[in-house]
Amino acid sequence: MNKRPEAPEKPYRVVQWATGAMGKTCLRAVIDHPDLELVGLYVHSDRKLGLDAGTIARRAATGVLATNSLEDILALEADVVLHCPLLQFPYEAHDREVCRLLESGKNVISINNYFHPRSISAAYATELEASCHRGGASLAGTGINPGLIAERFAAVASGLMLELESIRCREVYDCLEMPNANYVFDVLGMGLPPEQVDLVNGPLATMFTAMYRQCVGGLAERLEIPLTGIESDHQLVLAPRDIAARAGTVREGTVAATNWQLHGICDGRRVITHSVNWIMGRELPGYEDFTHWEIALRGKPGLDIRMDLVEPDEDGVKTTAAQYGVAGMVTQAIPHVVAAAPGLCEFPAAPHYRPRLREPTPDRKQQQ
Ligand SMILES: NC(=O)c1ccc[n+]([C@@H]2O[C@H](COP(=O)([O-])OP(=O)(O)OC[C@H]3O[C@@H](n4cnc5c(N)ncnc54)[C@H](OP(=O)(O)O)[C@@H]3O)[C@@H](O)[C@H]2O)c1
């Protein structure tokens, strides 16, 4: 039985790192949570420098001003840093600042990496662990995928099986309405001519292989499946015509969907498959109808789980269910990461969660 982290006597002192869509949702969650105290804020954009965190989050003034100085953040007394910047190439681009944060004694929770670093390589995990030990701090990655779908949901679901044959997790995410052109075109690779995308050794393939290897490796380790390797089988779908997306136009013949797919091999066969599909609209062949996440376990018995997040029905709020979901994962991880022994912190498949209760909306109250 895992020990349940108790409500703290004093609030956890939190630094929010980056205030994009995910970071801002985490920032609001911190400001609004009685057990959390915002003590620092790092921003990348010049236009947010010096602003009060409350102004950025559309909340009352907090007295915490945004900085872009790592040194300012290192000098703070803080329990944990919520590290939510935009992914950068290469995948390890943020390691230097994360290691400095750890070495200054701050626990770090990332939504981009550090889900199961051993699955990238033993040497990589050892290096990160050394920084943790130098600062007496813990490092963890969490989020929905990576973080939840394979490593926790699929793992828990396998608990009803007498015999396991295979596990397949599939995500399909429609990027048509994503506003950030930098993220959609540069980070996700939409709109690239296919001849510029090396699906084995190119920067996109290398980054997403490293990211999703951790889902496969983390799940295999949890279920004690002795993998002999993890192999990639990435695919592209090209735009059949120009596609008008919120972030810009995806030209005909360029990348309109990516499928980053990894297989965990055991006894010469694909026992675990993790397949992440980002698409520019539902009109692409093969993506007309989909569930956001599917988990398929085969064996005795077989089990299919289909999962969609429910978008919030709050007036005038632009935050999406996925952003709330990631903020929920991150804030609920704080007590675990702060209580963990120094080193790489992994979450149990089913930790003790403690979501805050709220009243139903008037619509839902009527249905009860
Ligand atoms: N694990 C999961 O389930 C999960 C789910 C969704 C997303 N994610 C990850 O979350 C990351 C952030 O997503 P998002 O939707 O918040 O993105 P976003 O809205 O584009 O915001 C990213 C923020 O990163 C900062 N930033 C911009 N350029 C940067 C640079 N060159 N170096 C460092 N920081 C920079 C900026 O912060 P300021 O505005 O404060 O300056 C920006 O607002 C994504 O890269 C993705 O990998 C994880």
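## Ground rules

Since what you have is a prediction, local features need pLDDT of at least 70 and side-chain atom pairs count only at pLDDT 80 or more, while totals for chains, interfaces and linings use all residues. Numbering runs from 1 along each chain as its sequence is written, and side-chain values use heavy atoms, with hydrogens and water left out.

The protein chain splits into domain 1 (12-142 + 319-344) and domain 2 (149-307), with bounds that come from an automatic or database domain assignment. Their C-alpha centres sit 26 Å apart. Domain 1 puts 16 residues into the contact and domain 2 puts in 18, where contact means heavy atoms within 4.5 Å.

Between them, the two domains bury about 1400 Å², 66% of it on carbon and sulfur atoms. Buried area here is the accessible area (1.4 Å probe) that two parts lose on being put together, summed over both. On the domain 1 side, Leu86, Leu87 and Phe89 lose the most area to domain 2, together 40% of what that side buries.

## The nonpolar cores

The largest nonpolar core has 90 residues, and Leu82, Phe208, Tyr212 and Trp278 have the most contacts inside it. A core of this kind is a set of buried Ala, Val, Leu, Ile, Met, Phe, Trp, Tyr and Cys residues joined through side-chain atoms within 4.5 Å; buried means under 20% relative accessible area, exposed over 50%, and partly exposed in between (1.4 Å probe, protein chains only). Helix H8 (residues 203-222) is the top contributor to this core, with eleven residues. Both domain 1 and domain 2 supply at least three residues each to the core.

Phe208 is worth a look: leaving aside residues up to four places away in sequence, it touches Leu87, Val187, Leu188, Trp260, Leu262 and Trp278. There's also a second, separate core of 22 residues, with Ala78, Leu102, Tyr124 and Leu128 among them.

Helices (H or I, at least four residues) and strands (E, at least two) are DSSP runs, numbered from the N terminus. H8 is largely enclosed by the rest of the structure, because 15 of its 20 residues are buried. Its end C-alpha atoms are 29 Å apart, in agreement with the 28 Å that its 20 residues should span at 1.5 Å a residue; the expected span of a helix is 1.5 Å times one less than its number of residues.

H1 (residues 21-32) has twelve residues and reaches 17 Å from first C-alpha to last, close to the expected 16 Å. Its buried residues are Gly23, Thr25, Cys26, Leu27, Arg28, Ala29 and Val30. The cover over them includes strand S1 (12-17), strand S2 (36-42), helix H2 (53-57), strand S4 (80-83) and helix H9 (321-339).

Gln16 belongs to strand S1 and, at 0% relative accessibility, counts as buried. Among the residues Gln16 touches, not counting those up to four places away in sequence, are Gly23, Cys26, Leu27, Leu82 and Cys84.

Asn107 is in strand S5 (residues 107-110) and is buried too, at 8% relative accessibility. Asn107 and Ile334 are 227 residues apart in sequence, yet 8.9 Å apart in space, C-alpha to C-alpha.

## Cysteines without partners

You'll find zero disulfides here, a disulfide being a pair of cysteine sulfur atoms within 2.5 Å. Cys132 is buried at 0% relative accessibility, but the closest cysteine sulfur, in Cys99, is 7.6 Å from its own, so that is too far for a bond. Cys345 is in no disulfide either; the nearest cysteine sulfur, that of Cys132, is 9.4 Å away.

Two cis peptide bonds deserve a check. One joins Phe89 and Pro90, with omega about -10 degrees, and Pro90 is in the loop between S4 and helix H4 (95-103). The other runs from Asn145 to Pro146, with omega near 0 degrees; Pro146 lies in the loop between strand S6 (138-141) and helix H6 (149-157).

Then there's positive phi. Glu224, although not a glycine, has a phi of about 55 degrees; Glu224 follows H8 and is exposed, with a relative accessible area of 70%. Asp267 has phi near 50 degrees, lies in the loop between strand S12 (255-266) and strand S13 (269-279), and is exposed at 72% relative accessibility.
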